2 protein chains.
Amino acid sequence: MTTLLSTSDVAKIVALQGPQQVFAGMLDYLLSDFLRWQEFDKSARVASHSATGVIELMPTADSDYYTFKYVNGHPGNPLAGLSTVMAFGALAQVGTGEPLLISELTLTTALRTAATSALAARALARPDSRKMALIGNGAQSEFQALAFHYILGIDTLHVYDVDAGATRKLESNLASVPGLRVVRFDSAAEAAKDTDIVTTVTADKAYATILTADMVEPGMHINAVGGDCPGKTELHADVLRAGPVFVEYEPQTRIEGDLQQMPADFAVTELWRVLTGQSAGRKSAAEVTIFDSVGFALEDFSALRWLRDAAARHGIGARIEVAPQLPDPKNLFDVVRAAQPAHARA
Amino acid sequence: MTTLLSTSDVAKIVALQGPQQVFAGMLDYLLSDFLRWQEFDKSARVASHSATGVIELMPTADSDYYTFKYVNGHPGNPLAGLSTVMAFGALAQVGTGEPLLISELTLTTALRTAATSALAARALARPDSRKMALIGNGAQSEFQALAFHYILGIDTLHVYDVDAGATRKLESNLASVPGLRVVRFDSAAEAAKDTDIVTTVTADKAYATILTADMVEPGMHINAVGGDCPGKTELHADVLRAGPVFVEYEPQTRIEGDLQQMPADFAVTELWRVLTGQSAGRKSAAEVTIFDSVGFALEDFSALRWLRDAAARHGIGARIEVAPQLPDPKNLFDVVRAAQPAHARA
């Protein structure tokens, strides 16, 4: 039998543990997996593009577990009452192929993306960072805000979105978080001014320029989350030239990240190298660091491991049957016979 | 909300409709999709190999729907009480990325593989075929038997398996099918002798030689189902030289099929070309035809469409939440707030 987690189930886990413990826990799982980067079977995700968006599959595996995520990106969805990003995925045993967990990953993606951003920023941003600009106040923004608040100690958010309603929603959602001040600005440039970290998390599937080089100040860390598929960018190319650029999995980021604007030999450093101490992160307080994040399958692997353990600990989730429980596994036909009304079975 | 179908749900559909109607229905969906082959976004499946087996993702899409299947192949599983092949997958809307159906595909894979075999045989085997050898009497064998009985009019099965228990199970499962005679043989060669169609559906992940050229008789159709991943074959190379070879999707079959033994320029014909009339199938009653089947994502696309329609017609399946139902889709955080106990929500 396979455990099934719905979005409400994952929300229940978050409510039970509280966001602080959730982000700390997920960051632990992420870090332990990033530190053993070489053990993973890695590939760029398999994308299917259409006029309105993209649908992707993101598989990875170590020697024990195989995971994949199904995820879409359709920026026009909110107009139809649907989420821009919807996701689900599974964790299976490599040795038998048995799926142990199938879970929603819509809410989970927001959690794991924010935890990954915080993990990178903890390694790359100035340790005394307290002010963060948050440009793009959509579905993922509160999660970024809370992860940076709890993991990095960010106490002031400068927020901006082209949609003022999105910003009001973020302000309302974060109003009751103790020790976190939210200040609204009328432009990305004003929001970025005088901050330590700039997080861009916008949804438009276009070559957008959310951040230009004139907004970048010495010592800033840029956490670019929203430029994550071909034809979708957030940073002006000059921002990428303002300091060392760090990525999750280079072959994927070259295609999908803000990096897609740069020549193929533009130097980048994979984050795991910094986390393992093989490469330098930030080299001075005045240096600008850039994390060009696109989201990598390894992060969903960590998130699915975390979900499985959390669901087991809290006793949350349904049990479903994606393969029959058969006394003789070679007798698959028995499942059809068993479903027939008794009189037809002879 | 997304519809979820378990293995019991799919078995219920089969029991309600009966296998004859199931195979006829699935064959219709398969044929209509094969006939519009050019409209699909096609790629070879993404495989992750380990010492004990393989886990694969098989995505495809037309302009309306996207589907994928997760499927494993672990020949040692029955010893651990697990099925060799377990599968599940989803059907989603291309326009929004919304997953409409998540379903078990373990039982469904056996159904769609048998329906595809029958579809190919209807186009390639001699119309007067009545006797079929069925070599490999494991989990998929009864489904092959019934699809060929109902679609092709096969009335006599010559069965053989290295595991005599598997053969006894098949005999028992098919004992009550009117008009279908099952005859047991002690070797593949004896089973194949004097038949019109030879179906090989064995599970060993090895370069096996189930069928050799001396067993092939004039006019036979070879339905080779079990040689379906790198390092796993069933036919001696000379069998592939005995007549024209037909495949589902050439780039995938070159890597996975019995074809992997042949030089890269060994000529094959894709099945859709025969079905659309662009290529000849069988050219004479004495010709040997070979269908080197590996299973292609398009077949799961058809099967998932069929499942969705059948589940809706019979009112079968649960409704699950893989993305939250939000009044404001940009307010994903609301799902976390809603899960908190009332006193914590302010």
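Okay, let's start where the two chains meet: 71 residues of chain A and 71 residues of chain B make the contact, where contact means heavy atoms within 4.5 Å. Before I go on, some housekeeping: this is a predicted model, so local features need pLDDT of at least 70, side-chain atom pairs count only at pLDDT 80 or more, and totals for chains, interfaces and linings use all residues. Residues are numbered from 1 along each chain as its sequence is written, chains are lettered from A and ligands numbered from 1 in the order in which they are written, and side-chain values use heavy atoms, with hydrogens and water left out.

Back to the two chains. Together, chain A and chain B bury about 6200 Å², and carbon and sulfur atoms account for 69% of that. Buried area here is the accessible area, taken with a 1.4 Å probe, that two parts lose on being put together, summed over both.

How many salt bridges cross between chain A and chain B? The rule finds two, and it asks for a side-chain nitrogen of Lys or Arg within 4 Å of a carboxyl oxygen of Asp or Glu. Have a look at Lys330(B) and Asp163(A), which form a salt bridge with their closest N and O atoms 2.9 Å apart.

Helices are DSSP runs of H or I with at least four residues, strands are runs of E with at least two, and both are numbered from the N terminus.

Now, how do the copies relate? Chain A can be laid on chain B by a turn of 180° and a shift of 0.0 Å along the axis, with an RMSD of 0.0 Å. That is the relation of a two-fold axis.

Let's zoom in on chain A. The assignment, automatic or from a database, gives domain 1 (2–107 + 298–339) and domain 2 (113–295). Their C-alpha centres lie 26 Å apart, and the contact takes 26 residues from domain 1 and 27 residues from domain 2. About 2400 Å² is buried between these domains, 71% of it from carbon and sulfur atoms.

The rule finds one salt bridge across this domain interface. Find Glu256(A) and Arg45(A): their side chains meet in a salt bridge at 2.6 Å, N to O. On the side of domain 1 that touches domain 2, H2(A) supplies the largest share, nine residues.

Last stop: over all chains, the salt bridge count comes to 41. One pair to find is Arg112(A) with Glu299(A), at 3.5 Å between the closest N and O atoms. Arg112(A) sits in helix H3 (residues 106–124) and Glu299(A) in helix H10 (residues 297–314), 187 residues apart in the chain.

Definitions and conventions. Least-squares fit on C-alpha atoms with pLDDT ≥ 70 in both.
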